[in-house]
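Please look through the model below before reading the points. They are meant for someone who has not seen it before.

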Amino acid sequence: MADKTLRYRDLLKRLKLFGVSEDAKRGKGSERLLSRVVDGRVLSTTTKCHSESDQKPKAVIRAIRRRLKLTAQDGVSDDEFYGC
């Protein structure tokens, strides 16, 4: 994987291209709920967001992609996801 760190706002822009929606009101405190429908199932995960400009570590981005089925094994290449 060609992992990169991203600011939260940039990560959210990329996720929205793949049909991911954010619900800031459903998380606890500074958590945001991210969800995506795949094959009729709703996949969701949460992530912390204290500021839109916070850098998200590679491991967090990898976990979000894995939980929302946005990995190369699921048909979304790194180049496609990161826009290289």
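1. Basis. This is a predicted model, in which local features need pLDDT of at least 70, side-chain atom pairs count only at pLDDT 80 or more, and totals for chains, interfaces and linings use all residues. Residues are numbered from 1 along each chain as its sequence is written, and side-chain values use heavy atoms, with hydrogens and water left out.

2. The nonpolar core. The largest nonpolar core has 17 residues. Such a core is a set of buried Ala, Val, Leu, Ile, Met, Phe, Trp, Tyr and Cys residues joined through side-chain atoms within 4.5 Å. Leu 11, Leu 15, Leu 34, Leu 68, Leu 70 and Phe 81 have the most contacts inside this core. At least two of its residues come from each of helix H1 (8-16), helix H2 (58-67) and helix H3 (78-82). H1 gives the most, with 4 residues. Helices (H or I, at least four residues) and strands (E, at least two) are DSSP runs, numbered from the N terminus.

3. The buried side of H1. Which residues of H1 are buried? They are Tyr 8, Leu 11, Leu 12 and Leu 15. These residues cover an arc of only 100° around the axis, so they sit on the same side of H1. The arc is taken from the directions from the helix axis to the C-beta atoms. Buried means under 20% relative accessible area, exposed over 50%, and partly exposed in between (1.4 Å probe, protein chains only).

4. Leu 34. Leaving aside neighbours within four places in sequence, Leu 34 is in contact (heavy atoms within 4.5 Å) with Tyr 8, Leu 12, Leu 15, Val 20, Ser 21, Glu 22, Leu 43, Ser 44, Thr 45, Thr 47, Ile 64 and Leu 68. Leu 34 is also one of the residues with the most contacts inside the core.

5. Arg 32. This residue is in strand E3 (residues 31-38). Is Arg 32 buried or exposed? Arg 32 counts as buried because its relative accessibility is 18%. The side chain of Arg 32 makes a polar contact with the side chain of Glu 22 at 2.8 Å, and another with the side chain of Glu 52 at 3.2 Å. A polar contact is a pair of N or O atoms within 3.5 Å; within protein, one must be able to donate a hydrogen and the other to accept it, and residues adjacent in sequence count only if both atoms are side-chain atoms. Not counting residues up to four places away in sequence, Arg 32 touches residues including Tyr 8, Asp 23, Thr 46 and Cys 49.

6. Salt bridges. How many salt bridges does the structure hold? There are 5, a salt bridge being a side-chain nitrogen of Lys or Arg within 4 Å of a carboxyl oxygen of Asp or Glu. One of them joins the side chains of Arg 32 and Glu 52 (3.2 Å, N to O). Arg 32 lies in strand E3 and Glu 52 in the loop between strand E4 (41-48) and strand E5 (55-56), so this pair ties together parts that are 20 residues apart in sequence. Glu 52 is partly exposed, with a relative accessible area of 32%.

7. A bridge between helices. The side chains of Arg 65 and Asp 78 meet in a salt bridge (2.9 Å, N to O). Arg 65 lies in helix H2 and Asp 78 in helix H3, so the pair ties together parts that are 13 residues apart in sequence. Arg 65 is buried, with a relative accessible area of 0%, and Asp 78 counts as buried at 14% relative accessibility. Elsewhere, salt bridges that share partners join Glu 22, Arg 32 and Glu 52 into one network.

8. Aromatic pairs. The structure holds 2 aromatic pairs. Rings of Phe, Tyr and Trp (its six-membered ring) pair if their centres lie within 6.5 Å; planes under 30 degrees apart count as stacked, over 60 as edge-to-face and the rest as tilted. Phe 18 and Phe 81 form a stacked pair, 5.9 Å centre to centre with 20° between the planes. Phe 18 lies in the loop between H1 and strand E2 (21-23) and Phe 81 in helix H3, so the pair ties together parts that are 63 residues apart in sequence. Both Phe 18 and Phe 81 are buried. The rings of Phe 81 and Tyr 82 have their centres 5.1 Å apart and their planes at 90°, so that pair is edge-to-face. Phe 18, Phe 81 and Tyr 82 form one aromatic cluster.

9. Ser 44. This residue lies in strand E4 and counts as partly exposed at 44% relative accessibility. Ser 44 and Leu 33 are 11 residues apart in sequence and 6.9 Å apart in space, C-alpha to C-alpha.
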